[in-house]
Amino acid sequence: MNARAELPLHAPGTAVDKGYIGQSVPRPNAKRLLQGRGAYVDDLRFPQLAHVVFFRSPYAHARLKRLDLSRAAAQPGVIAVFDGRAVAQYCKPWVAVLGHLKGIKSPPQFAIAIERACCQGEAMAAIVAESRAQGEDALQLVEAEWEELPVVCDMEESLAGKYVIHPALGDNICFERKFSTDAVDAAFAKADVVAEETYTFGRHTGVTLESRSILADYNAAEQTLTVYQSTQAPHMMQDIFSRHLDIPEANVRVICKDVGGSFGIKVHVYPDEMATAAISVMLRRPVKFVADRLESFLTDIHAREHKARVRIACTKEGEILAFELWDLTAIGPYSVYPRTSGIEGNQVVNLTGGPYKHQQYRGQTQVVFTNKNVSCQYRGVGHPIAVALTEGIVDVAAEQLGLDPAEFRRRNLIPDDAYPYSFPSGLKFEQLSHHQSLDKLLALMDYAKLRTEQAALRKLGVYRGIGLAAMIEVTNPSPAFYGVGGARISAQDGATLRLDPTGMVTCLASVTEQGQGTEGVFAQIAASAVGVTIDKVRVITGDTGVTPYGGGTWASRGAGIGGEAVLQAGRALRSNILDVATHILGANRGELDIVGNEVVNRLSLESKLTLAELGRVAYFRPDTLPQKFQSELTVTRHYTPRDYGFTFTNGIQACLVEVDVETGFVKLLKHWCVEDCGTVINPMLVDEQLRGGIVQGIGAALFEECLYSEEGQLMNGSMVDYLVPLSAEMPDIVVAHVETPTKQSDLGAKGAGEAGTAGAPAAVMNAINDALRPFKARVTAQPATPQRILEALGKI
Amino acid sequence: MKAPDFAYAKPGSLSEAFDLLDRHGDGARILAGGQSLLASLNLRLSEPELLVDICSIPGLAGIAVSGQTLRIGALTTHRQIENSTEITRHLPLLAQAVGNVAHAAIRNRGTFGGSIALADPAAEYPVCAVALDATFVLARRGAERRVKAREFFRGLYETALQPGELLTAGEFPLSAAGYRSVFLELARRQGDYAIVGLAAHALVAAGRISDARLAFLGAGSTPVLAVRAAAALEGRQPDAQAIAAAQATLAEELEMSADLYSSRATKLHLARVLLGRALGALAA
Amino acid sequence: MNATWGHASNMDETLLTTLTVNGRTVTRRISARQHLSDFLRDELGLTGAHTGCEHGVCGACTVRVDGLAVRGCLMLAVQADGCKVDTIEGLSDSGEIADLQGAFHRRNALQCGFCTPGMLMSAQELLSSRPDAKRDEIRAHMSGNYCRCTGYHAIVDAIEEVAASRREGRK
């Protein structure tokens, strides 16, 4: 059923050898990071480097009546001061809408706001100084007079539209979408059991340890702009700098050296970063902006503020007939550019009910503007919400039916032999493995034993809970995600592989690295495809001037899309190397192969020629090769998935908790994850991605929320008050895999970067509710703080 | 978040320090471990003219037992307190509490005196000092006075320290025979500021509690000594009834303020739970 | 010992400060307000210690001063006068934490690497002061270092492995 895709990495007839595919090779590029010898943006040194700080609105909604920068401008070390109008002359505004999100609307946004601040923290002026400290000193001398405007913070108030934030738009609705199959009401009418619940999710944010950082270096003599940026999508940014700063595309170069965590936070366009680039052009010198931690909490995109009501219809035999969903989500005052802030809600509608075989579904989302910070795609996007809604209501239904939650799922998961499969909301699944994954999970965690223990401990007043979360996950997206809507966001990627004269292989790839292991994985694929040992491969990513054009990192696409490009390029390079070898050796092409850095007789494996020797001849002595022959030892291949708009993966997680019912504190005892992401190129890296993603999801389920006052002030924007997961409270996490390769590529790899985050909040919430079952208490708000648990228990 | 500009001085003696404090008045701030002060400066929450670094002044560090008193010098770090065998032996309450103070790197530099002088309502040492009936030594030029811990903490970040005064030490009576200590706090994450906490110190004899000193943190702007709860327990075994009677008094005595995550009702509830658990642990 | 002082003004007052960094003595005029982390990074080019929050919580700036792990952001550079400072670069070059770095590497106990120098500093202090630390003690101690990428499990595994092998080595 789930046969590994055969990977004929060597010439037909030889033993199939996967090389490094499937091996847990430690990442070569991690060594410098272990020594503190990385190169993050803030580590870079430039002559004449200036620092920009921003005067930010203290109000959530206010008109800037008067702005006087003259005193600030006179401070020691200050080089220049700019308001919104000045920067607008160099940087065009943007509107974050896409054609395929019907009806989506948003006002234009400027790099530095002009006259009106629509959320706390919106940049209203820029001060450029010789040091950050001097810039901050000068900030205190900015004079501003404000007229406060009404603040809309509550999502329901925003929807009701009594006060419209952008009058020209008519209402506060950024985007709405409704979807329905044709017999939903009939399904609910004939159901024996109908359950309903409303869930709320607190907005939270990414908290990348390296904050957003950008260093823009405009060379006025050449009219070229080089930007060193902590971003996930350098080509996307190259396009945007080019269009908005009016600099020809090839004159813009975006370079990503080391990036200290991203998780989607760094795939968006931020006005302060655009302003930084514009200011470099205006001042004709390098300018750096590094968001400090307070600015990060205030202005990094937030995500996942939802209130959703979900209903499920089942027969008494335990068959799910239908789901119904009403989702309301609050974003900031602008849709974020260029991916739009409509996507998360859209995904919630697409994905709710995902693992199950019901045929009827109705879902709707409404995305409304507020005067809180902007909101956009963050690791997992709509999945954490959709999975929590689905798996939450599934547990409610299971209880009403008197069925064990695992058994109820088993009766309803799409069968493993039902593929290809069309899901009611329109998604198409190539091949998933829900049942195999469930079996594997239950065995891995010894589910039966945990249930027995749970029952015994309850009698002693110890309340443990087991929560399950089955899920599907979008990976390896085609242009269906953004391109079809008109966004200049590339869904294809490329890799250039070059044999260097000494026999090393340099791989230039358009997917980027933020720690997930892109460079390591690509080295493994390149080495395997070409036939060299991994120490001979050097991978370069994150430089638009050097790599092929591509999409970068987002939507779990790096291994599946970029990796396939590397594989194809590697095979083509091997073939070209063998062409040269044929001429050097005067041998029969079919007799040769490349193994372990050498051209060998493919049957006897006897070495014929080292790649170093081949390189010497090809590059320095081509006069010894046939006259009409040109060596082509640099090869580029591109890849985009073509059969499926999104390559879905599946997984299932479980969480074991113990709830202290007196204090409401939750102890996470253990977490399990079985994930099917197709071919696993490096099990260690994939497992660590899953673990990291799971802990991020746990953060959302228990700890993280951006808390706003009614006046739209962020109240917990520091590392003391905003609670990120730290090691003491986190459980050990067991990961296992089922492998169902995709047939769309030779590599067969699907994506895995977001799955952990997608499923963990549901698993944790379900575990808490399972623990509270004897008390008939349920928590449906995330984060599940002690107070919320105590309230559910009636202790407060 | 770069600190505003300030001048820096490192006096070599108390007398030099007093000179600087007198000369600069409100514009001077005392710098010891700096674990709270420097964070607030980085956040631009205050803008002093001058930091007076007292770390070189002799005689302000060290833990010493003399007679029935254990003296902790103001510059003693949390790490030194953690590693001190005298404190483990004579002040087990403090030994239990210190592991809750932030994290190791903070404890390596943060000081006892700094924590007392700042008087954060969620801090661990103030409640321990109140529970153990400690005395603080306050020095000014040419004079020294002693203030009982229970009188030292006046309000939110407000203590008995007068301008020109420096906290030089805390003096703790050694735990007498038969006394037991329990320190409990509830925090979302290891090392966080506690939501609520309790320093409990009592004489336990034949299973009965007396002379209970129950000092709560996070229950008001200063440590709160729950005298009514102690009275409700006096001479009793901490059975379910006694515990309930003690818990019932907390609503009158504790003045919780809601914080970002917990309402007053939640905090009061948690305080009751901690009291019950502490009493159970004392009698165990 | 500096007993100098100056009037606060808009031009940063600087103090002549001498400290030993990774074994080399360094003398500089340092602005009173510059924290140790910024001094190491900006003045000495030792960019291994990272700035993550500047209020002492995330641990990315952790370095060693006179043998103790400290937050570089919560120490003024001028306070390091007369002190011995060790950074991740020094600990790497001396080989002091080669076993920790090897274990982190083999187990992928780092992804983006931004927390890693601070993690290694804290881990080294833990193992030096509590060589018998159990898994839950490791988790408790390492709570002073925030990591967003790994979820901590691999980090704890790596430290546990090194603790065991160092104990082995001592026997």
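Trainee: Before we start, what ground rules apply here?

Mentor: This is a predicted model, where local features need pLDDT of at least 70, side-chain atom pairs count only at pLDDT 80 or more, and totals for chains, interfaces and linings use all residues. Residues are numbered from 1 along each chain as its sequence is written, chains are lettered from A and ligands numbered from 1 in the order in which they are written, and side-chain values use heavy atoms, with hydrogens and water left out.

Trainee: Thanks! How many residues do chain A and chain B put into their contact?

Mentor: Chain A gives 33 residues and chain B gives 24, with contact meaning heavy atoms within 4.5 Å.

Trainee: And how much area do they bury between them?

Mentor: About 2500 Å², of which 60% is on carbon and sulfur atoms. Buried area is the accessible area (1.4 Å probe) that two parts lose on being put together, summed over both. On the chain A side, A:Phe665, A:Leu723 and A:Gln787 lose the most area to chain B, together 21% of what that side buries.

Trainee: What about salt bridges between chain A and chain B?

Mentor: There are three, each a side-chain nitrogen of Lys or Arg within 4 Å of a carboxyl oxygen of Asp or Glu. B:Arg44 pairs with A:Glu136 in a salt bridge, and their closest N and O atoms are 3.6 Å apart.

Trainee: Which helix of chain A supplies the largest share of the side that touches chain B?

Mentor: That is H4(A), with four residues. Helices here are DSSP runs (H or I, at least four residues), numbered from the N terminus. Helix H4 (132-139) is one of the elements giving two or more residues to that side, and helix H18 (683-703) is another.

Trainee: Switching over, how many residues meet between chain C and chain A?

Mentor: Here 48 residues come from chain C and 54 from chain A. The two chains bury about 4300 Å² between them, 55% of it on carbon and sulfur atoms.

Trainee: Which residues of chain C lose the most area to chain A?

Mentor: C:His105, C:Tyr146 and C:Arg148, together 19% of what that side buries.

Trainee: How many salt bridges are there between chain C and chain A?

Mentor: Eight. In one salt bridge, A:Asp732 partners C:Arg139, with the closest N and O atoms 2.8 Å apart.
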